[in-house]
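Hello,

Here is the structure I promised to pass on. Have a look at it first, and my notes follow below.

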Amino acid sequence: MSSTESPSVSAASVLPRVAPVRVGEGERLRSVRLPGVTLSIRSRRPAREGLPPALYVHGLGGSSQNWSSLMAELDGVVDGEAVDLPGFGDSPPPDDGNYSVTGHARAVIRYLDASGRGPVHLFGNSLGGAVTTRVAAVRPDLVRTLTLVSPALPELRIQRTAAPTALLSVPGVAALFTRFTKEWTAEQRVRGVMALCYGDPARVSPDAFQNAVAELERRLQLPYFWDAMTRSARGIVNAYTLGGQHGLWRQAERVLAPTLLIYGGRDQLVGFRMARRAARAFRDSRLLSLPDAGHVAMMEYPDVVATAFRELLADTANATADAGTRS
């Protein structure tokens, strides 16, 4: 593994030069080159030595910036890093063009193996929830605990508001949508996304809104932006149709790590009704329901999510201590 620190990742020379990615106060961004993939890693300097490692994995259309607020909340609890999945944030596309859930999971595993940071406290939102579920199922040695925020696990009846995401996976739809929306400004696009993802978009500060607009403007200049979106959306749809040992619900049942499940009552992309099913599927799970949250609770209520994670750590420590006493 080779790593270089910079304000932004140096992508392949064939890619256009775009504005640098925003790096928040206390954060740093570095590029990690691995076989077949280059990943951008966002991190914070640990509050002290010896903190357990954590890795955060974003959802479809997101980036490592989605975790900045929660990373700051957990500054003194874990040594946190957030990854930009291949083709998202500041990570260039994977060499093989594989944007499936398995492909993204393979990139995460590759990074954890190369960095030697595992086992980690693993966090995932939406698509990242499906990816981290697969990682925890196939490589339990890499995961201490699993925290899933609105994970994209298969639903028999998807919500009507989630239908456009599924449609995005259909060949040709992305090109049609691009032509149809070519007059839309970045501000209009961001307002639409926030209306879909937040339980209450009014909670977004003016600065956070402008940062999101600037990031979207940057990413729209990348020639692979829509390709990464459509292929990853297709990857989610394909993962929903898999059965047997590779099915996501079957893999959820195989997860050994203590799991924290967080669902928002106003989530328009992942059905709130799936919370109970998830709680039954993950063998060692705790469920936090946030009635006013949408799809990105770690951005809407980072303090509440951080508190729930601290409680997960305390429960896990107590269970380990009790097991030691009995033995």
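Before the notes, one term: by contact I mean heavy atoms within 4.5 Å. Please also keep in mind that this is a predicted model.

Beyond its neighbours within four places in sequence, Tyr56 is in contact with Trp67, Leu70, Met71, Leu74, Val78, Gly80, Glu81, Ala82, Val83 and Phe123. Tyr56 also belongs to the largest nonpolar core, which has 82 residues. Along with Tyr56, the residues with the most contacts inside that core are Trp67, Leu70, Leu74 and Phe282.

Zooming out, the protein has twelve helices and nine strands. Of its 327 residues, 51% are buried. If you count contacts between residues at least 6 apart in sequence, 74% of them join residues at least 24 apart. The exposed surface comes to about 14800 Å², with 53% of it supplied by carbon and sulfur atoms.

I also looked at helix H6, residues 186-197, which reaches 16 Å from its first C-alpha to its last. Its buried residues are Ala186, Arg189, Val190, Met194 and Cys197. These lie on the same side of H6, because they cover an arc of only 130 degrees around the axis.

Now for the confidence. The average pLDDT is 86, and 84% of the residues score at least 70. Over residues 4-13, however, the pLDDT is below 50, although this stretch has 22 contacts in the model beyond near neighbours in sequence. Residues 160-180 also stay under 50, with 29 contacts beyond four places in sequence. Where pLDDT is low, the predicted coordinates should not be read in detail.

Best wishes

Terms used. Residues numbered from 1 in each chain as written. Predicted model: local features only at pLDDT ≥ 70, side-chain atom pairs only at ≥ 80, totals over all residues. Heavy atoms only, no water. Core = buried A, V, L, I, M, F, W, Y, C linked by side-chain atoms within 4.5 Å. Buried < 20%, exposed > 50% of the residue type's maximum accessible area, 1.4 Å probe, protein only. Helix = DSSP H or I, 4+ residues; strand = E, 2+ residues; numbered from the N terminus. Areas by Shrake-Rupley, 256 points an atom, 1.4 Å probe, with all protein chains shown as cover. Expected span 1.5 Å × (residues − 1). Arc of directions from axis to C-beta. pLDDT = per-residue confidence, 0-100.
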